[in-house]
Amino acid sequence: MKKIVVTGAAGFLGSHLTRQLLSQQHQVFGIDSLSSGLIANLQEELNHPRFEFRSLDVSKLRVDHLDHFGHIDEIYHLASPASPKFYQMNPFSTIEANTLGTQNMLELAKVHGAKLLYTSTSEAYGDPEVHPQTEQYRGNVNTWGPRACYDEAKRLGEVYCYEYYTRYAVQVKVARIFNTYSAGLRNDDGRVISNFVSQAIRGEDLTVYGDGTQTRSFCFVDDNIRGLQKMMECDQANGEIINIGNPKEYTIIEVAQIVKRLANSPSNITFHPLPIDDPKVRRPNIDKAKTILAWEPLVELEEGLIRTIEMYRNKLKAELSQKIV
Ligand code: UDP
């Protein structure tokens, strides 16, 4: 049994990871400011004997806040809004969670001799001029725009990791996570899969931004979490940046058509203005993950979407029946 800290534990990935770690018999200390995470995501875990939760802001967290938890083996630092809608609503706390928050967690790792995995992002590549993106590509990020608070904060978070790895030999690993989905996303998350699936189920218009020719590559949450855990376990991943994502690329209009078909939905597809600095293409090169971690995604988009649609339907039904009662 390991003692593991998960920041962002009430978020989409954090709650999934927490459940997984508890099922593997570990003891988990979950931290979340609940700015974009939802306590409802941890409803079943809150009374678990091996789980403790604190609503704390990682940018203000001190090492002694966790003294009572004892010796810490691993830290997964996930805390940060990740949907453009939420990070643009909270730019300063997004910056702080990824910079000050990352330093605070690295200090904790240093004091405990713990391993730390930092979840960076494909947004570190900005609007990429190299395609697909390898970890060596240094990116094309705009400092002067609505995505900068997230993209540049994540990049600076990586810098903190580099400094703690090289100066203090903290066992740091950086995962650059590409678009990830499942029904665990908030209904109002604002990202494309969550929007399209809930729109298709409700028979509302599927809102494509721009002409829909921009591309993304979508990873099902189970594959992502398996990748993060492999990375944490792998000594060869220390001091490495590794892309974690699904390399199969789709245009957004294709995604709209697939969701509409799989949900058997009467919805129309409508077109809306493209957000500023929306990356035109995105697809990970995952050779490094394959070589170092022996990891690759297993769930195809259609299979993941079928599961997501089914679970969203159940989630919406449950919410509706609660409202009626
Ligand atoms: N998008 C869209 N309709 C939506 C939400 C998003 O067409 O309702 C587009 C968005 O403009 C982007 C892509 O889908 O090109 C992925 O957006 P998302 O917000 O999911 O994540 P991003 O990869 O941009 O961070």
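**Ground rules**

I number residues from 1 along each chain, as its sequence is written. Since this is a predicted model, I ask for pLDDT of at least 70 for local features and count side-chain atom pairs only at pLDDT 80 or more, while totals for chains, interfaces and linings use all residues.

**Overall fold**

I looked up the secondary structure first. The protein chain has 10 helices and 13 strands; I take helices (H or I, at least four residues) and strands (E, at least two) as DSSP runs, numbered from the N terminus. The radius of gyration is 19 Å, close to the 20 Å of the globule rule for 325 residues, so the chain is as compact as a globular protein of that length. For that I used C-alpha atoms, and the rule is 2.2 Å times the number of residues to the power 0.38.

Along the principal axes, the C-alpha atoms fill a box of roughly 55 × 50 × 35 Å. I find 46% of the 325 residues buried. My cut-offs use C-beta atoms placed from the backbone: buried means 20 or more others within 10 Å, exposed means 12 or fewer, and partly exposed is in between.

I also checked contacts, meaning C-beta atoms, placed from the backbone, within 7 Å. Of those with a separation of 6 or more, 79% join residues 24 or more positions apart.

**Domains**

I have two domains here: domain 1 (3-180 + 220-244) and domain 2 (181-217 + 247-282 + 299-323). Such bounds come from an automatic or database domain assignment. Their centres, over C-alpha atoms, are 25 Å apart. Domain 1 puts 24 residues into the contact and domain 2 puts in 20. On the domain 1 side, α1 (12-23), α2 (84-89) and α7 (221-233) each give two or more residues. That side holds nine nonpolar, 10 polar and five charged residues. In my classes, Ala, Val, Leu, Ile, Met, Phe, Trp, Tyr, Cys and Pro are nonpolar, Asp, Glu, Lys and Arg are charged, and the others, Gly among them, are polar.

Over residues 4-245 I get 35% helix and 19% strand.

**Single residues**

Phe-53 lies in strand β3 (residues 51-54). Phe-53 is partly exposed, with 19 other C-beta atoms within 10 Å. Leaving out residues up to four places away in sequence, Phe-53 touches Ala-9, Gly-30, Leu-42 and Leu-46.

I noted a cis peptide bond between His-131 and Pro-132, with omega about -10 degrees. Pro-132 sits in the loop between β5 (115-121) and α5 (148-168).

Asn-264 is not a glycine, yet its phi is positive, near 50 degrees. I place Asn-264 in the loop between α8 (252-262) and β13 (269-272), and Asn-264 counts as exposed, with 9 C-beta neighbours inside 10 Å.

Ala-294 also has a positive phi, about 55 degrees. Ala-294 lies in the loop between α9 (287-293) and α10 (301-324) and is exposed, with 9 other C-beta atoms within 10 Å.

Notes. Two residues are in contact if their C-beta atoms, placed from the backbone, lie within 7 Å.
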